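Hi,

Have a look at it first, then read on.

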Amino acid sequence: GCVLVVSVIEQLAQWHNSTVKAAVERLCNYMPGKYHIIRHMLCCIDREMNADVVCHSLKLCKQDPGQPLCHLYPPPKVSWLATCFNATQHGSFTGFSSVCAFPPLANLCEKIKYVIRNKLPFEDFDGDKFSTFPTLRGYHWRGRDCNDKNTTVYPGRRPDNWDVNSDSNCNGIWGVDPKDGIPYEEKFCKGADSQGVILLGDSAGAHFHIPPEWMTVTQMSAKSFANLPMAFTDELDWPQFSEITGFLNSTIGGWTDSLYLRLRRRNRCNHRDLQNISQNGMLTVYLCSSLARNQLLDNPAIVIYATIGNDVCNGNRDTLAHMTTPKEMLSNVMQALRYLDSRLPNGSHVILTGLVDGRFLWDNLHDRYHPLGQLNKDVTYSQLYSFLDCLQVSPCSGWLTPNETLRNLTSERALQLSNVLKEIARSEKFANFDIFYMDFPLRQTAEEWRKMGGEPWQLIEPVDGFHPSQIAAALGTSITWQKALREWPQVLGKENPFNDQIEAIFKDQGGH
């Protein structure tokens, strides 16, 4: 993190032909609120040292005994330790102290940790796992609660007495038609196969994204950082734009065409019935406990089970030894499915998504310039991958490596684990849902994008060089939808003939 920030400061100074101090002030002015850069970073940048040097001198980065020196840029020709030693001695800075150690913030930090660990909304006054607040696992992640003081009112439930007096399932449909005395919910939604969509996934499902304009100085402005607080309080995830649960028009490099939006268009009664239960770096077996579904009171759901890389991806140097084995995969998935069978209403569906073939990443990105390297043509994705691997924080040491043999072995393990999922879908039966399998459609997505005149590298997030981009998410939805229409029409439910009438009534009531 330090290296990224200092790199941006250096490039801002270069691009605007200013001093480093002026570049720091410029960056601070771009950022909303009080996201200010610590002034001690000036000590070595003024001496034209690179970002690695500065961050080591500030003791934000270190070299453990016996470990290689991790650096993103070529080491300077002068002795950088000696250069920065005196400057750091004049300040009291010895590294970042945890803000959570500050007594007034201790309780807040503990609550935030609890929320992230348990995938539950920070603001949820009635405890039904739905919120009226967007971030911190709020309605960006699950359908927006329409009454956060009543635990029996939440998205996805079957209507209470056809919602004659109030909206119990937050889909905006309630009241009685004065012309015939029939409740609108009964008239429009009875027999409509209403169902929600739930994603159990990893960082790709959570839609991890760091805006490239945050570190591309030629594009940087105050507007670039307008959504910084929102991004941080969503864990740098953007589930509101995701392939499965997205519901907003995208502002992060593409368009939103999610499975939820398609289900909502198919049946307007499905409004707000979405849950994105994903977490960066998490395996799905640990995600199910935060599922919000009452087996007796709620509508069925389509559950997408998609950990497309975490079972083979880690940052360890002996990465193969830390990958999930087929036996472990079988045990983990069956444990999760048995839990789902105890919670999902009868008539639900589960779709298992296979792991991706991540060789696509190195093949299409390794020799391209990363956003940090575009100004001076000095940082490629290959260099970034090596830097992260050295720090042992690589998102996937098995694929983001120049070692072709290791890339092939990682893909071989991913295929083995996908075959476990495929066999589960073929042979296992459950009481409350049927189960299906589909490969992760990266190859088909790339083919579709090429037909549209695009390049394969545009399907990958530019900053981390690892996650699917917004373009890939939108195209992937189309492929998933077409496969479901063709092979599993019962999963999607029938199209509601009353959709236009529902929209008209909803708008008349002032809905949005």
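Helices (H or I, at least four residues) and strands (E, at least two) are DSSP runs, numbered from the N terminus.

This is a predicted model, in which local features need pLDDT of at least 70 and side-chain atom pairs pLDDT 80 or more, while totals for chains, interfaces and linings use all residues. Residues are numbered from 1 along each chain as its sequence is written, and side-chain values use heavy atoms, leaving out hydrogens and water.

Now the salt bridges: there are 15, counting a side-chain nitrogen of Lys or Arg within 4 Å of a carboxyl oxygen of Asp or Glu. Asp257 pairs with Arg262, their closest N and O atoms 2.7 Å apart. Asp257 is buried at 15% relative accessible area, and Arg262 is buried at 14%.

Glu503 and Arg264 form another salt bridge, at 3.6 Å from N to O. This pair links distant parts of the chain, with Glu503 in helix H18 (residues 499–508) and Arg264 in helix H10 (residues 259–266), 239 residues apart. Glu503 is partly exposed, at 23% relative accessibility.

Finally, Asp177, Asp180 and Lys187 are linked in a network of salt bridges.

Best wishes

Terms used. Buried means under 20% relative accessible area, exposed over 50%, partly exposed in between (1.4 Å probe, protein chains only).
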